[in-house]
Amino acid sequence: MTNMEKLHSGDIYAPGDDEIMREQLLCLEKLYDFNLTRPSEPEKREEMLKNMFAEIGENCYIEPPLHANWGGKHVHFGKNVYANFGLTMVDDTHIYVGDGTMFGPNVVLATAGHPILPELREKQYQFNMPIHIGKNCWFGAGVLVMPGVIIGDNSVIGAGSVVTKDIPANVVAVGNPCRVLREINEHDREYYFKNKKINHSEL
């Protein structure tokens with residue numbers, strides 16, 4: 001198996017492989033161009049993302065700067081996904097994001113890791129594990145999602161959390177390491193922030 005084939009296998013591989021570096025450089029050139037687009041060019045950005053990503057649905061919006069190891073080549077977005085400034089995707093293998101999910105500023109989705117054993121790190125070995133994020137999730141500013149994590153539909157990840165393990169659907173989870181705080185409940189149908197009530201008749 002070549003190093004390129006190992007990208008998506010979970011096996012340890014050498015990311016400095018010549019074939020990998022050539023392919024990655026082409027992706028990073030596209031990403032560079034995307035980050036130079038103007039705010040008045042939303043249609044241009046949309047077309048560029050279709051060319052950059054593995055899959056991207058309708059009505060997705062990513063605010064530059066976007067950072068991605070492969071420029072989105074291994075990223076699969078559903079429709080209506082929103083990302084605020086500074087989304088970083090270490091997309092050395094696949095990242096899946098469901099419809100309607102929102103990312104606050106400076107969120108990091110990292111599929112890549114390095115062995116703990118120093119002798120292997122000296123040789124710059126790496127491994128990659130995919131990330132799966134469900135529909136209609138919300139990630140607060142500065143959330144870090146680690147390799148191999150699965151996050152269920154509708155869940156909210158609090159700002160600054162470090163997600164090292166799977167998070168189920170329909171919960172609020174926070175902290176470092178990130179843990180489930182509570183389920184989304186009837187209180188959330190009445191209040192949107194502290195003592196601020198939702199006026200459903202106006203929505």
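1. N84 sits in the loop that links β5 (82-83) to β6 (88-90). The model is predicted. Relative accessibility of N84 is 19%, so the residue counts as buried; the cut-off for buried is under 20%.

2. What does the side chain of N84 contact? It makes a polar contact with the side chain of Y82, at 3.5 Å. Beyond its neighbours within four places in sequence, N84 is in contact with E63, F103, G104 and P105.

3. Next, a helix pair. The axes of α2 (residues 18-35) and α3 (residues 42-52) come within 10 Å. They cross at roughly 165°. Angles over 145 degrees count as roughly antiparallel, and α2 and α3 are therefore roughly antiparallel to each other. Their crossing is left-handed.

4. Which residues make this contact? From α2 come K30, L31, D33 and F34. From α3 come R45, M48, L49, N51 and M52. By class, the contact of α2 with α3 has five nonpolar, three charged and one polar residue.

5. S155 is also in a loop, between β15 (150-151) and β16 (156-157). Is S155 buried or exposed? Its relative accessible area is 0%, so S155 is buried.

6. A polar atom of the S155 side chain lies 2.6 Å from the backbone oxygen of P168. Setting aside residues up to four places away in sequence, S155 touches N136, C137 and W138, and also I167, P168, A169, N170 and V171.

Technical notes: Residues numbered from 1 in each chain as written. Predicted model: local features only at pLDDT ≥ 70, side-chain atom pairs only at ≥ 80, totals over all residues. Heavy atoms only, no water. Helix = DSSP H or I, 4+ residues; strand = E, 2+ residues; numbered from the N terminus. Buried < 20%, exposed > 50% of the residue type's maximum accessible area, 1.4 Å probe, protein only. Polar contact = N/O pair within 3.5 Å; in protein donor to acceptor, adjacent residues only side chain to side chain. Contact = heavy atoms within 4.5 Å. Axes fitted to C-alpha atoms, helices over the stretch in contact; angles between N-to-C directions. Parallel < 35°, antiparallel > 145°, perpendicular 65-115°, else oblique. Left-handed = near helix turned anticlockwise from the far one by under 90°. Nonpolar A, V, L, I, M, F, W, Y, C, P; charged D, E, K, R; others polar.
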